[in-house]
Amino acid sequence: DKYLSGLDRSKKSFGDRMRALSNNFHGIDDDLLEQIMVILLESDVGIHTAQKIVDAFESNGKHVKDYDSMLDYLISILYDFYDESSDEPIKINEEGPTVILMVGVNGSGKTTTSAKLIQYYKEQGKKVAVAAADTFRAGAIDQIDTWANRLGVPCIKGKMNQDPSSVLVDACRYAKENDVDILICDTAGRLQNKTNLMNELSKMHRVVQREIEGAPQEVWLVLDATTGQNGISQAKVFLEATDVTGIVLTKMDGTAKGGVVLAIRDLLHLPVRFLGLGEKPADLRPFDINAFLMGITK
Ligand code: GDP
């Protein structure tokens, strides 16, 4: 399966580590709890979240009699912990363009993810356009423009240092006039100070809203999985600055910190929408907690 082979590329995945739990099963004892705790911490779940998971595991596991049922039970604990039932499906505008704002710090993989999303939605038969509104990072505009050309979708561009919001206005108008289904907006997120970031993001929100009712339908914060717990504190600044609706976790191919998915869930209360598993447009997978946990038994 494409999804799992992608995760296989990670250095030592969460599933690899869980599979390596000693199968010398003596019940849910201190030794087992400690092994699980170590794996969670090595996977960058973070002490706060790891403790909650271990506590839940310890307190409901009386029925567990052998190694295999212990693994099933562990998966059920993690599944319940993630609790995908509280997630809304991705919002789609039936009346006009669906606008997706991509936010995040430089280097997180925002532009690459925007290119990946072009391909993803194109494959779903959608008419896609992209706004190159990251007008602050040198190279970002050319980078997304090149991908848009290769993937055969229109790119509405700004100039370096232009107000990103004005690019978004042009892009929204283009999208309305040309019956675009999905408008992906690669925006700038300068994190030098919180007030600036807040002002910029709220302005982008406002202008998009003015152009298209109900837009932006989605605001996805792009986080680099290799930054692990640090990424979470960075994320909190964005969450305070704007209404983020979901997370895209990039660079899951090169990291041993995949457990950060569970910390994101616990600390940010947002759905993880996609995983980035490489640098090419095809290296994107919709996040699926079942597939993620399947790695534990496969
Ligand atoms: P931006 O500044 O947030 O727009 O970041 P970029 O999209 O330019 O990405 C920064 C670097 O990370 C580039 O070298 C990308 O090729 C790389 N990158 C982005 N996503 C992934 C991913 O999922 N896996 C890997 N291995 N590299 C990635």
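Select proline 97 to begin: it sits in the loop between α5 (67-82) and β1 (98-103). Helices here are DSSP runs of H or I with at least four residues, strands are runs of E with at least two, and both are numbered from the N terminus. The model is predicted, so local features need pLDDT of at least 70 and side-chain atom pairs count only at pLDDT 80 or more, while totals for chains, interfaces and linings use all residues. Residues are numbered from 1 along each chain as its sequence is written, and side-chain values use heavy atoms, with hydrogens and water left out.

Is proline 97 buried or exposed? Proline 97 is buried, with a relative accessible area of 6%. Buried means under 20% relative accessible area, exposed means over 50%, and partly exposed lies in between (1.4 Å probe, protein chains only). Proline 97 and leucine 33 are 64 residues apart in sequence, and their C-alpha atoms are 49 Å apart in space.

**The whole chain**

Zoom out. The protein chain has 12 helices and 8 strands. Along the principal axes, its C-alpha atoms fill a box of roughly 65 × 40 × 35 Å. Of the 298 residues, 55% count as buried.

**The negative patch**

Next, select Asp30, Asp31, Glu34, Asp55 and Glu58, which form a negative surface patch. Patch residues have over 30% relative accessible area and no salt bridge; like charges are joined within 9 Å, and nonpolar side chains (Val, Leu, Ile, Met, Phe, Trp, Tyr) within 5 Å. Asp and Glu count as negative, Lys and Arg as positive, and His and the chain ends are not counted.

Which helices supply at least two residues of the patch each? They are α3 (30-42) and α4 (47-59). The largest share, 3 residues, comes from α3. Aspartate 31 belongs to helix α3, and at 48% relative accessibility it counts as partly exposed.

**Salt bridges**

A search of the whole structure finds 11 salt bridges. A salt bridge is a side-chain nitrogen of Lys or Arg within 4 Å of a carboxyl oxygen of Asp or Glu.

Select lysine 52 and aspartate 266. They form a salt bridge, with the closest N and O atoms 2.6 Å apart. The pair links distant parts of the chain, 214 residues apart: lysine 52 is in helix α4 and aspartate 266 in helix α11 (residues 260-268). Lysine 52 is partly exposed, at 38% relative accessible area, whereas aspartate 266 is buried, at 9%.

Move to aspartate 163 and lysine 203, whose side chains meet in a salt bridge (2.5 Å, N to O). Aspartate 163 lies in the loop between β3 (155-157) and α8 (164-177) and lysine 203 in helix α9 (residues 194-211), so this pair ties together parts that are 40 residues apart in sequence. Aspartate 163 is partly exposed, with a relative accessible area of 32%; lysine 203 is also partly exposed, at 32%.

Then select glutamate 211 and arginine 173, another salt bridge (2.9 Å, N to O). Glutamate 211 lies in helix α9 and arginine 173 in helix α8, so the pair ties together parts 38 residues apart in sequence. Glutamate 211 is buried at 14% relative accessibility, while arginine 173 is partly exposed at 42%.

**Helix α11 and beyond**

Return to α11. Why is this helix largely enclosed by the rest of the structure? It is largely enclosed because 8 of its 9 residues are buried. The buried residues are Val260, Val261, Leu262, Ala263, Ile264, Arg265, Asp266 and Leu268. Just after α11, histidine 269 takes a positive phi of about 55°.

The last stop is aspartate 283, in the loop between β7 (272-276) and β8 (284-286). Aspartate 283 is buried, with a relative accessible area of 13%. Select lysine 251 as well: aspartate 283 and lysine 251 are 32 residues apart in sequence and 9.8 Å apart in space, C-alpha to C-alpha.

Key:
Areas by Shrake-Rupley, 256 points an atom, 1.4 Å probe, with all protein chains shown as cover. Charge placed at Lys NZ, Arg CZ, Asp CG, Glu CD.
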